[in-house]
Amino acid sequence: MQIITLTDKENVIEQNTYLLLKDNEGILIDAGASLKEIKKYNVKIIAILLTHSHFDHILYLEEIQKYYNCPIFISEDDKQGLFNTRLNLSIIWKSFKFNGDLSLIKTFKDNDILNLNEFNFKCILTPGHTLGSSCFLIEENLFSGDTLFADSIGRADFPNSSQVKQKSSLERLDKLNYNILYPGHGRTSTKQEQKANIEFWLNQLN
């Protein structure tokens, strides 16, 4: 499996979108990269997995979903953010709501396994940054969205945020087996490196 990091540097926030490739099929983790950028790789996108519904991670969701006619997977607790400008924070920038095919929005629960052709993801709910923030684990690669960054953690002062839940989520990730961390912003990291990072932030959240 090949993992390509796409970072949109033309907008307000430099968020990471990940394109996972096997043969001629691809999965997107978040939708913060433009359709034009994704089409460069000449693969069929078979699904979009969303770590959460903040606007920078769903910026191009509608145009990508319409072009590939693919399903969107998001946690039940974060689904409402696709349609609520306050919850997705677009109200502070350029308000928008998802207007694509609602029948293709699928929800998952904690510990669900998504079997998508050659891709098999474990869904891990990590609330805190948002009510339904999620991580995805595949082949010892953890896609953490804004729950955990290489050198920091996501903010917990937004609507539907919770420092109490954030602490529990970090404790859970600290016990999780993975190798490489692919966060929603910034550089990649490793499980070994995250031991100290998580320990620091757990102390700060006490």
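# Exercises on a predicted model

Leaving aside neighbours within four places in sequence, Ser152 is in contact with Asn197 and Trp201. The model used in these exercises is predicted.

## Exercise 1: the surroundings of Ser152

Task: determine where Ser152 lies, and find how far its C-alpha atom is from that of Asn197.

Solution. 
1. Ser152 is placed in the loop between strand 10 (141–145) and helix 3.
2. Along the chain, Ser152 and Asn197 are 45 residues apart, and their C-alpha atoms are separated by 6.8 Å.
3. The relative accessibility of Ser152 is 24%.

## Exercise 2: helix 3 against helix 4

Task: describe how the axes of helix 3 and helix 4 are arranged, and list the residues through which these helices meet.

Solution. 
1. Two packed helices are described by the angle between their axes and the distance between the axes.
2. Helix 3 spans residues 163–175 and helix 4 spans residues 191–204; their axes come within 10 Å and cross at roughly 155°.
3. Angles over 145 degrees count as roughly antiparallel, and helix 3 and helix 4 are therefore roughly antiparallel to each other.
4. The handedness of the crossing of helix 3 and helix 4 is left-handed.
5. On the helix 3 side the meeting residues are Lys167, Leu170, Glu171, Leu173, Asp174 and Lys175. On the helix 4 side they are Lys191, Lys195, Ile198, Trp201 and Leu202.

## Exercise 3: aromatic pairs

Task: state how many aromatic pairs a search of the whole structure finds, then classify the pair Tyr18 and Tyr182 and the pair Tyr67 and Tyr68.

Solution. 
1. The search of the whole structure gives 9 aromatic pairs.
2. For Tyr18 and Tyr182, the ring centres are 5.3 Å apart and the planes stand at 80°, so this pair is edge-to-face.
3. Tyr18 belongs to strand 2 (residues 16–22) and Tyr182 to strand 11 (residues 180–183), so the pair ties together parts 164 residues apart in sequence.
4. Tyr18 has a relative accessible area of 2% and is buried. Tyr182 is buried as well, at 13%.
5. For Tyr67 and Tyr68, the ring centres are 4.8 Å apart with planes at 80°, so this pair is also edge-to-face.
6. Tyr67 counts as partly exposed at 46% relative accessibility, whereas Tyr68 is buried at 13%.

## Exercise 4: a cluster and a charge

Task: name the members of the aromatic cluster that includes Phe119, and identify the charged end that sits over the ring of Phe119.

Solution. 
1. One aromatic cluster is formed by Phe108, Phe119, Phe121 and Phe136.
2. The charged end of Lys22 sits over the ring of Phe119, at 5.4 Å from the ring centre.

## Exercise 5: positive phi

Task: give the phi values of Asn42 and Leu89, and decide whether each residue is buried or exposed.

Solution. 
1. Most residues other than glycine have a negative phi.
2. Asn42 has a positive phi, near 50°. Asn42 is in the loop between helix 1 (35–39) and strand 4 (44–49).
3. The relative accessible area of Asn42 is 67%, and Asn42 is exposed.
4. Leu89 has a positive phi, near 70°. Its place is in the loop between strand 5 (72–75) and strand 6 (105–108).
5. Leu89 counts as buried at 10% relative accessibility.

Technical notes
Residues are numbered from 1 along each chain as its sequence is written. This is a predicted model: local features need pLDDT of at least 70, side-chain atom pairs count only at pLDDT 80 or more; totals for chains, interfaces and linings use all residues. Side-chain values use heavy atoms; hydrogens and water are left out. Rings of Phe, Tyr and Trp (its six-membered ring) pair if their centres lie within 6.5 Å; planes under 30 degrees apart count as stacked, over 60 as edge-to-face and the rest as tilted. Helices (H or I, at least four residues) and strands (E, at least two) are DSSP runs, numbered from the N terminus. Buried means under 20% relative accessible area, exposed over 50%, partly exposed in between (1.4 Å probe, protein chains only). A charge sits over a ring if NZ of Lys or CZ of Arg is within 6 Å of the ring centre and within 35 degrees of the ring normal. Axes are lines fitted to C-alpha atoms, for helices over the stretch in contact, and angles run from 0 to 180 degrees between N-to-C directions. Angles under 35 degrees count as roughly parallel, over 145 as roughly antiparallel, 65 to 115 as roughly perpendicular and the rest as oblique. A crossing is left-handed if the near helix is turned anticlockwise from the far one by less than a right angle, and right-handed if clockwise. Contact means heavy atoms within 4.5 Å.
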